[in-house]
Amino acid sequence: MQPVILGLLVIFILGIAIGHFIKTFRELNDPNGPPGPTLIPYLGRIHDLPIQYMWIKFKEWADKYGSGGLYRTQMLGTKFLIITDEKIAEDLLVRRAKYNSDRPQVQSLFDSKSSSGSMEYLPLMGRNEYWSRQRKLAHAYLTEATNAHYHGVMYFEAKRWLARLIQSPDDFQTSLEDMSSKIMCQLTWDDTSMSRELTTSAWGLLKQMSPAGPITNVLTPLWHLPLCLNPWKRAEKKRHDEQQAWWMQRLVESKERLRRGELGHCWTRQFLERQQREGGKMCISGDYEASSVLGMLALVGIFTIAGPLSYWLVAMVHHPEWQEAVQREVDVQCEGRMPTLDDMPKLPVLRACIKETMRWKPNVPTGVAHEAERDDVYNGYFIPKGTRLLPLDLAFLRNPKRYPDPDSFRPERWLEPGWPTYQTPLTKYPTLKGMSSFGWGQRQCLGMAVTQDELVVACGALAWCFNLKPKRDPVTGEHFPVPLDKSNSLLIIKPDPFRMEFEPRSEERKREASRFLNGLNP
Ligand code: HEM
């Protein structure tokens, strides 16, 4: 080919490519569309959205572009509408829930939406038949357990935790998580002995589904490499198969214990007894689905509770004045004993400090995405089908109109008239139920009551037993820092390891709590 013709051909192809780039750039950044950072064709904003502390960048964009309550962005062609105002979350995720309640596919899990019938991960399922029947089942079990005050399980495990804290205070991060895990193991299978395995399994799944987990959740095309070149898919297959086998083993063992008359009250027993009564009439398809929904329920109650409970420790160390207020309230209202769930109405300061901890340090700061199932128009903006609707919880909880002085820990906002969030009667409010952190509409969290109850019992137990204090470095005599802004970057976060001291409030309480370790005083 003549060099001139070749040159012309190259210029022609380049011209087409540049023309296409400019056209795409204009379409993406249409001034009539929702506001948002400038989008680069094909990339969107993948280049400057950090994987670590992603929510901080989302919030930065919210402050810049989200004054109208929403903004848009894109990652490698995936469209996001970030919701920064609670009213708009109500409009889009509650009032328009019938077509905005689907979930996006998590790339690094096989069939996370259960579109091909895997039936495994209730919170991640698309809005399909499996989700609908598993949600009903989970709702019934959680409601029944709440009404029965969890058969004393939370109180018992909180006491065991106190004893472990007295014995090995430096191990508090492990024992804290283990307490949550024991509660979920007991409620699900009437067996706390496998709490460590459940915790490992929980973090494995959480990591796999988080943008900060495998790189294939961000650079999604990598997931489609053939298996022989794809270490991510091979690792996930192993994790998935082990988890499923473990869940199934729990169900099989529980069946055997039920047959021998040894299975105490738990969700699995409720399921098995109903299965015996109703047989094929039950909506759950069989053992595989049952073991998954039960396993998932057990698992989700670990990392969700570990975050706020760890942040409670951080809050109390940094705010001794509020710690004293909680201790005073517990001592007076419970007349010197450890609080139980029955005491909840009498403990508004405790509830206010718990709620403020969750507002101040939200443990799902990005919120959980819904996916639009059809094209829609909102406030004149076109929202195409498939857009991920992300209710940015950090933006809701830092709204200065609703939460004046939003960056500070101010539990009085829930207790004193004059604050926008003050509500009476104080026997009921503040309550965690309905908080934006638990999500929206048809996908709203099913664990709100469990969370509130477990946190009241555990934080109340800590207030009864310990002064939570910074720890001194024996070499320098200085306090070890308890950082406020260091955490992992998973979808559900908790603070990075830190050091602190658990000082028993009296010899008598220390002795009493130590007796709890082997269930001597259940
Ligand atoms: C601080 C504690 C917790 C927080 C902040 C939290 C937050 C959330 C959020 C944001 C969602 C998604 C909502 C949406 O898509 O709009 C969710 C869903 C869910 N949560 Fe929680 N959660 C917590 C504790 C729990 C606990 C303890 C359990 C059960 C033991 C639980 C069970 C569930 C289930 C089953 C779903 C799936 C609902 C569905 O997809 O239909 N959560 N949670």
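Leu350, Arg351 and Ile354 in α12 meet Leu455, Val456, Cys459, Gly460 and Ala463 in α14; a contact here is a pair of C-beta atoms, placed from the backbone, within 7 Å. By class, this contact of α12 with α14 holds 6 nonpolar, 1 polar and 1 charged residues. Nonpolar covers Ala, Val, Leu, Ile, Met, Phe, Trp, Tyr, Cys and Pro, charged covers Asp, Glu, Lys and Arg, and the others, Gly among them, count as polar.

Some conditions. This is a predicted model, where local features need pLDDT of at least 70, side-chain atom pairs count only at pLDDT 80 or more, and totals for chains, interfaces and linings use all residues. Residues are numbered from 1 along each chain as its sequence is written. Helices (H or I, at least four residues) are DSSP runs, numbered from the N terminus.

Back to the pair. Helix α12 spans residues 348-360 and helix α14 residues 448-465, and they pack at an angle of about 110° with axes 10 Å apart. That makes α12 roughly perpendicular to α14, a label for angles of 65 to 115 degrees. Axes are lines fitted to C-alpha atoms over the stretch in contact, and angles run from 0 to 180 degrees between N-to-C directions.

Next, the cores. A nonpolar core is a set of buried Ala, Val, Leu, Ile, Met, Phe, Trp, Tyr and Cys residues joined through C-beta atoms within 7 Å. Buried means 20 or more other C-beta atoms within 10 Å of a residue's own, exposed means 12 or fewer. The largest nonpolar core has 103 residues, and Ala158, Leu162, Val293, Leu350, Ala458, Cys459 and Ala461 touch the most other members. Helix α10 (residues 287-318) supplies the largest share of this core, 19 residues. Leaving out residues up to four places away in sequence, alanine 458 touches Ala158, Trp161, Met179 and Leu309. A second, separate core has 22 residues, including Phe58, Leu92, Leu392 and Tyr403.

Last, the backbone. Which peptide bonds are cis? One runs from threonine 424 to proline 425, with omega near 0°; another runs from tyrosine 429 to proline 430, with omega near -5°. Proline 425 lies in the loop between α13 (393-397) and α14, and proline 430 is also in the loop between α13 and α14.

Aspartate 405 lies in the loop between α13 and α14 too, and its phi is positive, near 55°. Is aspartate 405 buried or exposed? Aspartate 405 is exposed, because 10 other C-beta atoms lie within 10 Å. Methionine 119, in the loop between α3 (86-95) and α4 (129-147), has a positive phi of about 65°. Methionine 119 counts as buried, with 23 C-beta neighbours inside 10 Å.

Terms used. Helix = DSSP H or I, 4+ residues; strand = E, 2+ residues; numbered from the N terminus. Parallel < 35°, antiparallel > 145°, perpendicular 65-115°, else oblique. Contact = placed C-beta atoms within 7 Å.
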